[in-house]
2 protein chains.
Amino acid sequence: MARRQGTGEVTISDVARLAGVSKAQAARAMGGYGSVSNEVKQRVMQAAQELGYRPNALARSINTGKSQSLGVVVGDVENPYFGLVTRGISDVARRHGYDVVLANTGESLADEEKAVKMLLDKRVDGLLICPTSRTSHGHILDVERSGRPVVLFDRDISVSGLDMVQMRIAEATREAVQGLIDAGHRRIAYISTLKLATDGFAPGQDLDLSTVSQRVDGICRALEDSQIEVDPVLFQFGASDRQSVDGILGEMLELAEPPTALVASDSLVALDLLLSLKGRGLRIPHDVSVVMLDDQPWAELVEPPVTAVRQPAYDLGEQAATALFERIDGAEGGREIWLTPHVVTRGSVGQPLGQVRQPG
Amino acid sequence: MARRQGTGEVTISDVARLAGVSKAQAARAMGGYGSVSNEVKQRVMQAAQELGYRPNALARSINTGKSQSLGVVVGDVENPYFGLVTRGISDVARRHGYDVVLANTGESLADEEKAVKMLLDKRVDGLLICPTSRTSHGHILDVERSGRPVVLFDRDISVSGLDMVQMRIAEATREAVQGLIDAGHRRIAYISTLKLATDGFAPGQDLDLSTVSQRVDGICRALEDSQIEVDPVLFQFGASDRQSVDGILGEMLELAEPPTALVASDSLVALDLLLSLKGRGLRIPHDVSVVMLDDQPWAELVEPPVTAVRQPAYDLGEQAATALFERIDGAEGGREIWLTPHVVTRGSVGQPLGQVRQPG
DNA sequence: TTGTATGCGTTATCAA
DNA sequence: TTGATAACGCATACAA
């Protein structure tokens, strides 16, 4: 007589009993390992079918040490860019018979740390992380130390040796900005969601997100190539919503030498930025030129269509997941994979208005 | 001497040994159940810390019967609507200390069935499903029968008794179409991604997606209220990509009595539709009016801004997850929750061009 | 409060 | 090819 109740679900023992074989044989037949005669296999299958038996994957995992699931940690699935990345990951995972445990951290480091812990506790076979911070990465290194493979995607961290799949977006950004310069722009502003740790921004300053860092580098390189001054006031951060974007834009337009071109760090910023411009009655590209550093379908639709840097987001997800599976299958770590975004030229870039220098 | 090697990870036994207490006491201290003296708790915590011990959630789950994770089955996370829903679900889950196993099925019934099986095998504590089909739902009923709670979201199935959270979009659609009628439209077309099982569409026909069914109902009701003929040729399906949308639009414009207003079933269709209109040089709302049955931020940005039905997608996710947790906590099932979308009037609806009837 | 022994549902080992 | 039994890592009933 059992002292404790089971879960009430059908187990392999029930199947074995009905099939008239030992538990071990039934397990072998169901699991497809070891050797079992065709006749027994038939009987077991039949019994399993009849009882509606489904193996308990948890119990299996505890024995095999493999959970057949991947942990994915990302800041914001709501951002269409990450939506697509997630889709790429999920497709590869499904193809491998794995499923995906998704943790959305809202770009909070504390939540990211918690999420990683939870995922490790659940013994995921590997982790895909898009880190919130370049520098606060203790929890990520812990994972590697624990022996479970990790692949970083989209963003870098400040130590090397980990697998990572990234966009080579510095170069594409440089190209896009070169396009602005070629059109005659000298005052080019950059607007990002990233919240700066420091009060103001200084060129060359370390930024805590590699993706933002790359973008800024690309812009600066383009400017320096043409001997154009890098003006810190044209690098604006903390553009987290419509209101802050509008505020930032308003301040920059009041500058003695306002920007003639605006570079939006991603599609969300671009959306708010374009709405703000529209609200102010500014016309693109007549009054101001615009470039967005992440393409989205609607960029083609607005008037004028927006010049953008198109990132292969789905591919990023696919490659990251593929790299992780290679690690799970025993491959060496430390590999870096770089994907190449491309500039898609549309109609939002034109010549700057001849701006008049304020006297004094 | 152990015959089999463990996973190599630190277990509660190791912690117990180092702390100099029994395995049970260590487990109690770590798990926070049963009674343990403060002194032992201290020693155990200390030992766990030192060894870097992390409990194996799988082993715990197998005992408790609770996995602390939710399964989410959805057709397409890439669709921003579902992206937001997922975010809502994920936030509630995290608040409850659960994590989310996400299965993206690409709207394939076979994949949906497989996904549900996998999730059940992994003993998720509950499932949130956005079903691909109203009628092929055996796998969903199986879940309920297995005793694990399910909440359907966004879409209905053809049997009652299950928990479900849905948009009351028939009514909002009726309102939006009423707006078109009020503006003078009589030829109103509807374009949906749904692939029809039958060859053509007949008014009153059963559709396999409740969300599409509701939209069609809303349109028909508005038309009937104004004694306008419901013309099957104005209901077009299978608009899965830009090309097919363009083809559908082309055919409809060649009709003897072409539509003067277009209703896009969701934001993806709307995007393709607007691009197609733009490509053809048709102007909104002068040449044709447009309404989209799912609002997205860019709808406000395009020229003219697009009148849309705004669905509280994040709320849908939140409510669905909340309902599921209530079921997990023992609440009765069979509840239906309805959310109310609203028409957001913008500039894409105008008076129809006086169209000339073809003679003969 | 503590320790022992057993159970969870599976896989792995070993002898038959 | 089979069956008995240990092992996985933890939770829990029971006795101490």
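This report walks through a predicted model, from its overall build down to a few single residues.

**Ground rules**

As this is a predicted model, local features need pLDDT of at least 70 and side-chain atom pairs count only at pLDDT 80 or more, while totals for chains, interfaces and linings use all residues. Residues are numbered from 1 along each chain as its sequence is written, chains are lettered from A and ligands numbered from 1 in the order in which they are written, and side-chain values use heavy atoms, with hydrogens and water left out.

**Chain A as a whole**

Let's start with the big picture. Chain A splits into domain 1 (12-64), domain 2 (69-167 + 313-341) and domain 3 (169-310); these bounds come from an automatic or database domain assignment. Taken over C-alpha atoms, the centres of domain 1 and domain 3 of chain A sit 61 Å apart.

How far does the C-alpha trace of chain A span along its principal axes? About 95 × 40 × 35 Å. The radius of gyration of chain A is 27 Å, whereas a compact globule of 360 residues would come out near 21 Å. That radius is taken over C-alpha atoms, and the globule rule is 2.2 Å times the number of residues to the power 0.38.

Chain A has 12 helices and 12 strands. Helices (H or I, at least four residues) and strands (E, at least two) are DSSP runs, numbered from the N terminus. Among contacts in chain A with a separation of 6 or more, 71% are between residues 24 or more positions apart; a contact means heavy atoms within 4.5 Å.

**Surface and charge**

In chain A, 53% of the 360 residues count as buried. Buried means under 20% relative accessible area, exposed over 50%, and partly exposed in between (1.4 Å probe, protein chains only). The accessible surface of chain A is about 16,200 Å², and 48% of it belongs to carbon and sulfur atoms. Those areas come from the Shrake-Rupley method with a 1.4 Å probe, and for residues only the protein chains shown count as cover.

Chain A carries 37 positive and 48 negative charges, whose mean positions are 10 Å apart. Lys and Arg count as positive and Asp and Glu as negative, with His and the chain ends not counted; each charge is placed at NZ of Lys, CZ of Arg, CG of Asp or CD of Glu.

**A closer look at Val72(A)**

Val72(A) belongs to strand E1 (residues 69-74) of chain A. Is Val72(A) buried or exposed? Val72(A) counts as buried, because its relative accessibility is 1%. Leaving aside residues up to four places away in sequence, Val72(A) touches several others, including Ile89(A), Leu102(A), Leu128(A) and Phe153(A).

Two residues of chain A have a positive phi without being glycine. One is Arg123(A), in the loop between helix H6 (109-121) and strand E3 (126-129); Arg123(A) is buried, with a relative accessible area of 10%. The other is Asp154(A), in the loop between strand E4 (150-153) and strand E5 (163-167), and Asp154(A) is buried too, at 5%.

| Residue | Phi |
|---|---|
| Arg123(A) | about 60° |
| Asp154(A) | near 70° |

Over in chain B, a cis peptide bond joins Ile284(B) and Pro285(B), with omega about -5°. Pro285(B) is in the loop between helix H11 (267-279) and strand E9 (289-292). Another cis peptide bond links Glu303(B) and Pro304(B), with omega about -5°, and Pro304(B) lies in the loop between E9 and strand E10 (307-310).
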